[in-house]
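This briefing goes with the sequence and coordinates shown below. The notes after them are grouped by topic.

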Amino acid sequence: MRAKTLRTWLEYLQSTDRLAVIEKQVHLEYEIAAVAKKLDGRKAAYFTRVEDYRVPVVSGICSTREQFAEALETDQFGLIPKFTDAVNSPLPCRQVQNGEAPVKENIVLKEIDLMRMFPIPVHHEKDSGNYITAGLFIVRDPVTRKQNVSIHRLQVSGKNRLGALLLPRHTFHLYKQAEEAGRPLECAIVIGVDPATLLASQASTPFGVDELEIAGALRNEPLEVVRCETVDIDVPAFAEIVLEGRILPHVREPEGPFGEFPKYYGPKSDKEVVEITAVIHRNNPIFYTIVPAAYEHLLLGGIPREASLFQTVRQTVPSVKAVHMSSGGTCRYHAIVSISKRNEGEAKNAILAALANSFDIKHVVVVDEDVDIYDMEEVEWAIATRFQAERDLVVIHGAQGSKLDPSTNEGVGSKLGFDCTVPLNSEPMRYLRIRIPQYDEIKLEDYLK
């Protein structure tokens, strides 16, 4: 398996000339983010010399859809079906002992100083400090014993202290239960895993599904996990670094601003606080960071959302062929839906279903299956030639949207749907696409010398 661990995946990228090894010394503040952003979508950036640290930094390990597909050993057309199957059929993890878990090669229980131990970058000009951006945040439901995995921005606010943005989802729900009982919620922050485990952490699932089991299904084998030292959490045995800790009850401290996926800053406010109780890591660990709003960040959020969106639309329009959350829409706000239209009105039903799938979705474009939804020039062409606002526009005002969208009123705004499908009763030649016979078969090298 080319993506069994972060290290095997980096070896694969290097063997295919998609890993840039940067030996020039770089600074934590902005320089790592700037260089990684320059390589965004082309190569992963591996920094061997970061200021005075011995720990290297890597970013951009999956910055195209094709790379995520390769990591899952499929192609980009099989990516969403494989992810959907894994969500529907999770595979239980395999527990291993400390001696079988490379992440337990080093155990630090005292004198924890995160900034002394690891090269945690500052990414953007107005960011409030050093941020962990690629940590899998794992908590456990004390009743069901099921774990929940997610990613949250984590600001280093002290030697062993992190400020965390916990959105009102599964982790926040478990934390509030613990806080109401007056106790902290144990957690583990996992840094440096294989792409399948990374992607699985973003799955949209019902409460109570363990995303590490989805990771196992994506890998076609159980994910090996090991129990932490100071908290009752199981973590991937081949992870690079794990920070063990607890979210403190009734404690809030300033966090932010921080550059987010819409390419604007999330504001400063009082947030939950994580106290680190132990650090475990591999020998010669690699620190992994995600540059916010880069392709890696957008796709990591977008691909699991596409799987959820496809399922939702299919319940209303069974003839849906594919869905795409476009990078121009930050892989959150714009959805393109391909259908094989059988009845008039289906496109508008698909629009309504897509908008109902997630409050983040703001604009939906529905096209016929002859339009390549991954090619935005094709999508724009469909809007230009198959859409008339008086009959094809769906407008909804006063709907819940993303609070990170600065054009909304505290997250409340308008939503639009574009029906760009061809009317079923149109004249045969009216919407017939031009075509040059033999175009696909001709090879230019046969004609050019």
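Buried means under 20% relative accessible area, exposed means over 50%, and partly exposed lies in between (1.4 Å probe, protein chains only). Arg391, with a relative accessible area of 41%, is therefore partly exposed. The model is predicted, so local features need pLDDT of at least 70 and side-chain atom pairs count only at pLDDT 80 or more, while totals for chains, interfaces and linings use all residues. Residues are numbered from 1 along each chain as its sequence is written, and side-chain values use heavy atoms, with hydrogens and water left out. Helices (H or I, at least four residues) and strands (E, at least two) are DSSP runs, numbered from the N terminus.

**Salt bridges**

- A salt bridge is a side-chain nitrogen of Lys or Arg within 4 Å of a carboxyl oxygen of Asp or Glu. The whole structure holds 34 salt bridges.
- Glu260 and Arg153 form a salt bridge, with 3.0 Å between the closest N and O atoms. Glu260 is in the loop between strand E15 (258–259) and strand E16 (265–266), and Arg153 is in the loop between strand E8 (147–151) and strand E9 (154–158), so the pair ties together parts that are 107 residues apart in sequence.
- Glu260 is buried because its relative accessible area is 10%. Arg153 also counts as buried, at 7% relative accessibility.
- A salt bridge at 2.7 Å, N to O, joins the side chains of Lys271 and Glu255. This pair links distant parts of the chain, with Lys271 in strand E17 (residues 269–281) and Glu255 in strand E14 (residues 241–255), 16 residues apart.
- Lys271 has a relative accessible area of 8%, so Lys271 is buried. Glu255 is at 0% relative accessibility and therefore counts as buried.
- Asp392 and Arg391 form a salt bridge in which the closest N and O atoms are 3.1 Å apart. Asp392 counts as buried, at 5% relative accessibility, whereas Arg391 is partly exposed.

**Backbone geometry**

- The peptide bond from Gly256 to Pro257 is cis, and its omega is near 0°. Pro257 sits in the loop between E14 and E15.
- Tyr30 has a phi near 75°, a positive value in a residue other than glycine. Tyr30 is in the loop between E1 and helix H2 (31–38), and its relative accessible area of 32% makes Tyr30 partly exposed.
- Arg145 has a phi near 70°, also positive in a residue other than glycine. Arg145 lies in the loop between strand E7 (135–140) and E8, and is partly exposed, with a relative accessible area of 40%.

**A contact across the sequence**

- Gly417 is in strand E23 and is buried, with a relative accessible area of 0%.
- Gly417 and Asp392 are 25 residues apart in sequence, and their C-alpha atoms are 8.0 Å apart in space.

**Second largest pocket**

- On a 1 Å grid over the protein atoms alone, a pocket is an open set of points with protein on both sides within 12 Å along at least five of seven lines, and lining residues have an atom within 4 Å of a point. Grid points are joined across faces, edges and corners, and a volume is the space filled by probe spheres (1.4 Å probe) set on the points.
- The second largest pocket has a volume of about 300 Å³. Its lining has 13 residues, of which Tyr46, Pro56, Asn284, Pro285 and Ile286 are the closest to the centre.
- Helix H1 (6–15) and strand E1 (19–22) are the elements that give two or more residues to this lining. H1 supplies the largest share, 4 residues.
- The lining of this pocket divides into 8 nonpolar, 2 polar and 3 charged residues. Here Ala, Val, Leu, Ile, Met, Phe, Trp, Tyr, Cys and Pro count as nonpolar, Asp, Glu, Lys and Arg as charged, and the others, Gly among them, as polar.

**Nonpolar surface patch**

- Ile442, Leu444, Tyr447 and Leu448 make a nonpolar surface patch of about 460 Å². Patch residues have over 30% relative accessible area and no salt bridge, and nonpolar side chains (Val, Leu, Ile, Met, Phe, Trp, Tyr) are joined within 5 Å. Accessible areas come from the Shrake-Rupley method with a 1.4 Å probe.
- Ile442 lies in the segment after strand E23 (412–420), and counts as partly exposed at 41% relative accessibility.

Notes
Patch = residues over 30% accessible without salt bridge, like charges linked within 9 Å, V, L, I, M, F, W, Y side chains within 5 Å.
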